[in-house]
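Look at the sequence and the model before reading on.

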Amino acid sequence: ALLSDKGVSYEGVEDIAGTLYYKIKFDPLITVVNISNGQSTSNTTQYKFYNMETGLLEQTETLVKIVTVSGKKKKENIVESAQLMTHSEYTEVDGVLFPFKSSLKLPQFESITIVKEQEVNPEVDMTLFDLN
């Protein structure tokens with residue numbers, strides 16, 4: 001079903017550290033922002049890696065390229081960055097598997113999130129949204 005979505009393509013099989021993954025590419029998201037003396041264009045491409053044995057999403061790689069053109073001489077500045085999100089420790093909650101551990105790696109730092117409890121469709125007290 002995922003591959004029938006518009007903007008999604010199958011890139012083949014990739015071996016990462018001895019594990020085989022289906023590699024899925026999402027069409028780039030392009031954002032253009034006008035700035036005071038020029039323009040900034042952001043191009044974001046995302047790849048998702050599904051474990052061939054389990055079918056679970058284990059990695060998401062996001063590549064970002066920002067090109068800023070500014071000034072009278074149209075000086076160009078390019079910034080490129082990559083982030084890698086890994087998902088693990090999948091646990092079943094009400095019949096659905098959720099990753100209870102996620103790791104985000106950027107060039108500058110790494111962040112790990114561990115979920116202690118997952119609740120599906122909890123009841124929400126609607127008075128929390130009262131603006132009075």
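What follows walks through the strands in chain order and then turns to individual side chains.

This is a predicted model, in which local features need pLDDT of at least 70 and side-chain atom pairs count only at pLDDT 80 or more, while totals for chains, interfaces and linings use all residues. Residues are numbered from 1 along each chain as its sequence is written, and side-chain values use heavy atoms, with hydrogens and water left out.

Strands here are DSSP runs of E with at least two residues, numbered from the N terminus. Two strands are said to pair if DSSP finds at least two bridges between them. Strand 2 (19-35) pairs with strand 3 (residues 38-51) in the antiparallel sense, over 13 bridges. Within this pair, Phe26 stands opposite Gln46 in strand 3. The two strands form a hairpin with 2 residues between them.

Strand 3 is in turn joined to strand 4 by 13 bridges, and these strands also run antiparallel. Gln39 faces Val69 of strand 4 as its opposite residue. This hairpin has 5 residues between its strands, and Gly55 in the turn has a positive phi of about 80°.

Strand 4 (57-70) and strand 5 (75-93) come next. They run antiparallel and are joined by 12 bridges; Glu61 has Leu84 in strand 5 as its bridge partner. Their hairpin has 4 residues between the strands, and Gly71 takes a positive phi near 85° there. The loop between these two strands also holds Lys74, which has a positive phi of about 55° although it is not a glycine.

How do strand 5 and strand 6 pair, and over how many bridges? The pairing is antiparallel, over 9 bridges. Thr91 stands opposite Phe98 in strand 6. The hairpin formed by strand 5 and strand 6 has 2 residues between them, and Asp94 in its turn has a positive phi of about 50°. Finally, strand 6 (residues 96-105) pairs with strand 7 (residues 110-114) in the antiparallel sense over 5 bridges. Ser103 has Ile112 of strand 7 as its bridge partner, and the hairpin of strand 6 and strand 7 has 4 residues between the strands.

The backbone angles deserve a separate look. Most residues other than glycine have a negative phi. Lys74 has a positive value, and so does Glu89, whose phi is near 50°. Glu89 lies in strand 5. For side-chain cover, buried means under 20% relative accessible area, exposed over 50%, and partly exposed in between, with a 1.4 Å probe and protein chains only. By these limits Lys74 is exposed, with a relative accessible area of 55%, and Glu89 is partly exposed at 48%.

Side chains of opposite charge can pair when their charged atoms come close. A salt bridge is a side-chain nitrogen of Lys or Arg within 4 Å of a carboxyl oxygen of Asp or Glu. How many of these does a search of the whole structure find? The search finds 1 salt bridge. The side chains of Glu14 and Lys23 meet in a salt bridge, with 3.5 Å from N to O. Glu14 is partly exposed at 29% relative accessible area, whereas Lys23 counts as buried at 18%.

Two surface patches remain. Patches are made of residues with over 30% relative accessible area and no salt bridge, with like charges joined within 9 Å and nonpolar side chains (Val, Leu, Ile, Met, Phe, Trp, Tyr) within 5 Å. The areas come from the Shrake-Rupley method with a 1.4 Å probe, and for residues only the protein chains shown count as cover. Tyr10, Val13, Leu20, Tyr22 and Met52 make a nonpolar patch of about 430 Å². Strand 1 and strand 2 are the elements that give two or more residues to this patch. Tyr10 is found in strand 1 (residues 8-16) and is partly exposed at 42%. Val13 lies in strand 1 as well, and counts as partly exposed at 45%.

Glu92, Asp94, Glu117 and Glu119 form a negative patch. Glu117 sits in the segment after strand 7 and counts as exposed at 68% relative accessibility.

Notes:
Lys and Arg count as positive and Asp and Glu as negative; His and the chain ends are not counted. The place of a charge is taken as NZ of Lys, CZ of Arg, CG of Asp or CD of Glu.
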